[in-house]
Structures are given as C-alpha cells and as structure tokens.
Amino acid sequence: MFLELKKLFIGESAPVEFSTELNWSEEIMYGQKPFQAPLRVTGVASNTAGIVCLRYEVRTVLKMPCDRCTAETEFEFVRNMEHILVDSLNGEDTGDLIVVEEGLRLDLDELVHADVMLEFPTKFLCKDDCKGICPKCGINLNIEQCRCTDKPIDPRLEVLKKLLG
Ligand SMILES: [Zn+2]
Ligand SMILES: [Zn+2]
C-alpha cells in the first residue's frame, strides 16, 4: 500500500488515515513461517506545525515453536510505531527520520516490513516455566517425567569420594 503524502507535506490536507492487511504467510524467520495470520495495520499520518508524523499499530498472531520444547505456540504480536517523515535531508544525520521520495509517496508495506523485522521477538516460550525436552531421551518434560535425569548424589558417597580422591 502506498500513502500519497504530497498534500500533507505542504499543509493542505487533513491527517491521512489508513488501514490495511498484509499477508506474509511465505515469509521465513528462523527457519519457520510465523506469519500465518494476516498483519493488521492501522494508523494516521499528520502534519503538526510542519512536522509530518506517521503513527501506526501493527497487530498479528505469530506461530512459532517453543525454544525449549518445540511445541507450536501462538504469540500475540502488537507494536505501536512512530516515525517522523521528511521530504529531504538537510545534510544532517538521518537519525530516525524516514525520507519520503518518489513524489512523496510512502511505501507503507516496506516500512512496516522493516519495523516488524526489527521488532521481531528473539525468544519464544510456550510458557515461562517450560521444562523443555530431556536431552537424553527426548521426552517432553511438560507432559511426562523421564527416569534419566541425574539422580541426586548420596551425601555419604560424596564424603567417600573426597577421601579416595
Ligand atoms: Zn515449551
Ligand atoms: Zn529423559
């Protein structure tokens, strides 16, 4: 989706509202396709005393395997983003400014894509205290308890070990 912002930049337009849905179901992150639900983007671009500002919310549900037990889990993903838009740079450092070229059309999809990639979570846990998978037998320890966890060491044996060592 492109936003036409020429009138907004010259102060001849009311705030520009937008709302769109993006389909990224083929997008691959960490070897997975987490965007099985559409991304809903709603926002507004406004010009306040010559400063053009773009605010939007992006919302979706990510499907990712749990980092510890690999169970496929859904994660609510909501971010509120804000950018200052400029039509040219005055040789200053760009900072967080977004330069809108091409006759003041903003490629919203591209901007949302860049933002979501930056904001994409790095940790996925099905629950905070997920017990994960036993490294020895592969059992999901959230569901079953296996017998190969190291047995607690008998304190008497420990003393013996010290004497022998
Ligand atoms: Zn888990
Ligand atoms: Zn085990």
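These exercises work through the zinc sites and salt bridges of a predicted model.

**Exercise 1. Zinc ion (ligand 1)**

Task: Which residues coordinate the zinc ion (ligand 1), and at what distances?

Solution: 
- Start with the donors: Cys66 (SG), Cys69 (SG), Cys126 (SG) and Cys130 (SG) coordinate the zinc ion (ligand 1) at 2.2 to 2.4 Å.
- Next, the geometry. The angles among the 4 donor atoms run from 108 to 113°, and the site is tetrahedral.
- Then the sequence spacing, which reads C-x2-C-x56-C-x3-C.
- Cys69 sits in the loop between strand S4 (51-65) and strand S5 (72-86), while Cys126 sits in the loop between helix H2 (108-119) and helix H3 (155-164). The two are 57 residues apart, and the pair links distant parts of the chain.
- Finish with accessibility. Cys69 has a relative accessible area of 4%, so it is buried. Cys126 is partly exposed at 29%.

**Exercise 2. Zinc ion (ligand 2)**

Task: What is the geometry of the site of the zinc ion (ligand 2)?

Solution: 
- List the protein donors: Cys134 (SG), Cys137 (SG), Cys146 (SG) and Cys148 (SG), lying 2.0 to 2.3 Å from the zinc ion (ligand 2).
- Check the angles. Among the 4 donor atoms they span 103 to 116°. Four donors count as tetrahedral if all angles lie between 85 and 135 degrees. The site is therefore tetrahedral.
- Read the spacing of the donor residues: C-x2-C-x8-C-x1-C.
- Cys146, at 9% relative accessible area, is buried. Cys137, at 40%, is partly exposed.

**Exercise 3. Other salt bridges**

Task: How many salt bridges does the structure hold, and which residues are linked in a network?

Solution: 
- The count is 8 salt bridges.
- The network links Glu57, Arg59 and Glu76.
- Inside it, the closest N and O atoms of Arg59 and Glu57 are 3.0 Å apart. Arg59 is partly exposed at 34%; Glu57 is partly exposed at 22%.
- Another salt bridge joins the side chains of Glu26 and Lys33 at 2.8 Å, N to O. Glu26 is exposed at 57%, whereas Lys33 is partly exposed at 37%.

Note on methods:
Residues are numbered from 1 along each chain as its sequence is written. Chains are lettered from A and ligands numbered from 1 in the order in which they are written. This is a predicted model: local features need pLDDT of at least 70, side-chain atom pairs count only at pLDDT 80 or more; totals for chains, interfaces and linings use all residues. Side-chain values use heavy atoms; hydrogens and water are left out. Donors are N, O and S atoms within 2.8 Å of the metal (3.2 Å for Na, K and Ca); water is not among the atoms, so sites may look incomplete. Four donors count as tetrahedral if all angles lie between 85 and 135 degrees; four count as square planar and six as octahedral if opposite donors are over 155 degrees apart and all others between 65 and 115; anything else is irregular. Buried means under 20% relative accessible area, exposed over 50%, partly exposed in between (1.4 Å probe, protein chains only). Helices (H or I, at least four residues) and strands (E, at least two) are DSSP runs, numbered from the N terminus. A salt bridge is a side-chain nitrogen of Lys or Arg within 4 Å of a carboxyl oxygen of Asp or Glu.
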